[in-house]
Amino acid sequence: MTPNHRGSHVFKTRFGNIPAIKENGIIKAKSIRYAHSERFQRPVPADSFSEFIFPDKIPVCPQALSPLVEKMIAPTPVESFEPDEATQYLSVYRPENTIENSKFPVVVWIHGGSHEIGCGDLPTADPTEWVREQEIIVVTVSYRLGLFGFLGGSDQRPPNLGLLDIIEALKWIKKYISDFGGDPDNITLLGQSSGGDAIAHLMISDDVDHLFQRVIIQSAPLGLRHNRKKMAAEFLQKTEILKGETNVYTMMEDYKKYVPSVMKYGLKAAMPFGPQYGYYPLCSEEKALDKWRSDAKKYDVLIGLNNNETAFYLKTSEALNKYFGKGWGLKIMDKTVETTTEFIYGTPARKFAENHKQGGGNVYLFRIHSRLKENHIGAPHCIDLPLIFGNEDAWKDSEMLKDIPWKNIHENGRKLRALWAEFARTGTISDKSERPDILQLQKL
């Protein structure tokens, strides 16, 4: 069978016989339910594979569409979505051709979206190209978001349910990935934006020992993690009237009325959902830094950001560009992008890396730049996604890439995918490995 042919496959696993598709040189087993849950309850692990519930749909946690994502990345394929409150699904992508008894390194993709939107199986994060090139297994994970997964503070509405979903997925992967040809002792978590934020907090969560060995944290907004308790409590109290609503579309429309004010809570209110310290599985905020340091030797870390993260939000605003799109206004805009990028992403990433090194951990720090003068927004939030995942068809309508030839994305992406796969295999990146021109990388 040639790589471009399509066919079927069945993975015979201890979890059950799982149907899959052979396509483009890889095998995909999609929408495997790893756990179940009731609304605002902890996940319960699934004990066996059940029939495909969504054979032609992507199960997603109910969510409101983001106009910015629609504009800058790609239109959301709502016709392909099937809303499901209990969004505990994962998909496994594996090379088609294998050597007998070989074990592939495993990368687990934790998607971003402000802990509020997205899912594991969006076309813009399809790992087919990466899996085929680097002969790794990629597992994509969907989990509860927003009201269902990242807001709580009472017995009736516990916090951190989205984190607990991911932990159940990791337990599933640890137990069953060898049945797909993966190495259960070589698992790397990869997350971008809020996915990276989730991974950083998984590193200090209870009950995760030996579930993963390495992490790749891209563009995590760690500068927004501090002093969120009062904001979360207010948000929880205001949305209490929605907890029994049976119509999830009504919930998604109505909760936006109660989102915390940026005027009251500052920039952190721009991401109102998130992990909450002091509730299972997390320690108190005061102990978090020490716990990251004391656990540093458990994990290899690759952490970094894009050079112009907040240009994604600021330079694409028509209202702001009206006043700050040229001349001195543009200089003010550039300085604002630089300052906010460092506050939310850059300085916290370096402090996280330095703290990890102080604990005796192995850590690399990276930064992605744009080298194209005609690209006015530089290297903004999410520019790393097409580099890692490729998939030109999914990104062809992206406003973010309109001034960037796909050839540049592909050439830099191929090199970046090779480096990230090298880290996933070994926890190291050789000084002799080819680096893309857009990447600054240092071992601390």
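An open sheet of 11 strands runs in the order E1-E2-E3-E8-E10-E9-E11-E12-E13-E14-E15, with mixed pairing. Strand E1 (7–13) and strand E15 (439–443) are its edge strands, each pairing on one side only. On average, neighbouring strands of this sheet are turned by 20 degrees against each other, direction ignored. The model described here is predicted.

**Sheet pairing**
- Strands of a sheet pair through backbone hydrogen bonds, in either a parallel or an antiparallel sense.
- E1 pairs with strand E2 (residues 16–23) in the antiparallel sense, over seven bridges.
- Lys 12 stands opposite Asn 17 in E2.

**Helices**
- Helix H4 (residues 161–176) lies across strands E3 (26–33), E8 (89–95), E9 (104–110), E10 (137–142) and E11 (182–192), and runs at about 150 degrees to E11.
- Helix H15 (residues 406–426) lies across E9, E11, E12 (214–218), E13 (300–306), E14 (362–368) and E15, and runs at about 150 degrees to E12.
- In helix H6 (residues 229–238), the buried residues are Met 231, Ala 232, Glu 234, Phe 235 and Leu 236.
- Helix H8 (262–265) is included in what covers the buried residues of H6.

**Enclosed space**
- Rolling a probe the size of a water molecule over the atoms shows where empty space is left.
- The count comes to one cavity of 30 Å³ or more.
- The largest cavity has a volume of about 50 Å³.
- Its lining consists of Asp 197, His 201, Pro 221, Leu 224, Arg 225, Arg 228, Met 271, Gly 274 and Pro 275.
- By class, the lining of the largest cavity has four nonpolar, two polar and three charged residues.

How values were computed:
Residues numbered from 1 in each chain as written. Predicted model: local features only at pLDDT ≥ 70, side-chain atom pairs only at ≥ 80, totals over all residues. Heavy atoms only, no water. Pairing = 2+ DSSP bridges. Helix = DSSP H or I, 4+ residues; strand = E, 2+ residues; numbered from the N terminus. Axes fitted to C-alpha atoms, helices over the stretch in contact; angles between N-to-C directions. Contact = heavy atoms within 4.5 Å. Buried < 20%, exposed > 50% of the residue type's maximum accessible area, 1.4 Å probe, protein only. 1 Å grid on protein atoms, 1.4 Å probe; cavity = no way out; pocket = protein on both sides within 12 Å on 5 of 7 lines; lining within 4 Å. Points joined across faces, edges and corners; volume = space filled by probe spheres on them. Nonpolar A, V, L, I, M, F, W, Y, C, P; charged D, E, K, R; others polar.
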